[in-house]
Amino acid sequence: AAAAWHQPPQEVAPKLAVAQAGGPVTAQRQQLADDLWARGVAEYFEGQQHGNLAQGLHAFEASLKADPGHSERHFFAATLHSMQGHAEEAERGYETAIAAAPTGSDAYLELIMFLEAMGRRDDARAVARRAIRAGANWVNEWQRPPIFTPDLASHAWWDHNHFPWAAELEAAYSTIKAELASLLHARGGKQKRGKGMPTEWTKVGTGGSSCSSAARTMDRQSQM
């Protein structure tokens with residue numbers, strides 16, 4: 001593939017023509033697609049040095065024509081089109097990336113953000129519904145965070161019964177309070193409002209031996 005990077009244009013032109021002609025994806029066309037993609041990458045990085053982020057797009061597009069089965073390549077080319085303001089090409093590229101890998105999440109997310117930037121919020125929500133049906137991302141079309149962890153519950157307030165260690169921590173309240181009071185007394189009075197916690201109290205149990213039970217409680221929690 002590296003050899004294709006340095007071929008002069010007259011030698012690359014026939015490859016571009018073959019790729020653009022279409023046809024069944026054979027092993028030969030897969031190799032052609034890889035060669036063209038490698039050339040596109042080389043041109044892209046060369047263009048970056050001169051502020052031309054679109055350089056290499058023709059090779060990328062020809063590569064995808066030769067072998068359209070690479071979702072991640074469609075995604076990359078679509079993003080370049082989006083950065084260049086090529087709205088139709090970008091949307092088509094993201095859709096093709098989704099079609100090539102329906103359960104992948106990245107193309108759905110980028111397409112949704114692209115559509116929202118265009119003011120097409122209903123279309124963006126429709127894409128979210130498709131992602132949910134495909135099992136690619138999210139569970140609610142109205143809530144589409146960029147970072148999503150399936151099965152991670154989200155609650156505004158958690159009941160202490162969800163955490164086995166909560167009762168032990170609550171039971172240690174008087175011990176923790178005594179440790180704080182001891183530290184404040186050692187410093188000659190109450191902590192001034194707005195000054196934060198005593199700097200000596202970096203962790204429950206570090207302020208005095210009387211609070212070893214609280215320290216053990218907090219240590220167990222930190223290991224969960």
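## A buried tyrosine

Tyr44 has a relative accessibility of 11%, so Tyr44 counts as buried (under 20% relative accessible area; over 50% is exposed and in between is partly exposed, with a 1.4 Å probe and protein chains only). This is a predicted model, in which local features need pLDDT of at least 70 and side-chain atom pairs count only at pLDDT 80 or more, while totals for chains, interfaces and linings use all residues. Residues are numbered from 1 along each chain as its sequence is written, and side-chain values use heavy atoms, with hydrogens and water left out.

## Aromatic pairs

The whole structure holds 9 aromatic pairs. Rings of Phe, Tyr and Trp (its six-membered ring) pair if their centres lie within 6.5 Å; planes under 30 degrees apart are stacked, over 60 edge-to-face, and the rest tilted. One of the pairs joins Tyr44 and Phe76. Their ring centres are 5.5 Å apart and their planes stand at 80°, so this pair is edge-to-face. Tyr44 sits in helix 3 (residues 27-48) and Phe76 in helix 5 (residues 71-83), so the pair ties together parts 32 residues apart in sequence. Helices here are DSSP runs (H or I, at least four residues), numbered from the N terminus.

Phe76 is partly exposed, at 29% relative accessible area. Phe76 also pairs with Phe60. That pair is edge-to-face too, with 5.4 Å from centre to centre and 90° between the planes. Phe60 belongs to helix 4 (residues 57-66) and Phe76 to helix 5, so this pair links parts 16 residues apart in sequence. Phe60 is buried, at 0% relative accessibility.

## The ring cluster

Which residues do ring pairs link into a cluster? They are Trp37, Tyr44, Phe45, Phe60 and Phe76.

## Val127 in helix 8

Val127 lies in helix 8, which spans residues 121-134. Is Val127 buried or exposed? Its relative accessibility is 3%, so Val127 counts as buried.

Leaving aside neighbours within four places in sequence, Val127 contacts Tyr108, Leu111, Ile112 and Leu115. Contact means heavy atoms within 4.5 Å. Val127 and Leu115 are 12 residues apart along the chain. Their C-alpha atoms are separated by 9.3 Å.

## Asn137 in a loop

Where is Asn137 found? Asn137 is in the loop between helix 8 and helix 9 (166-171). Asn137 is buried, with a relative accessible area of 10%.

Not counting residues up to four places away in sequence, Asn137 touches Ser105, Ala131, Ile132 and Phe148.

Conventions: Helix = DSSP H or I, 4+ residues; strand = E, 2+ residues; numbered from the N terminus.
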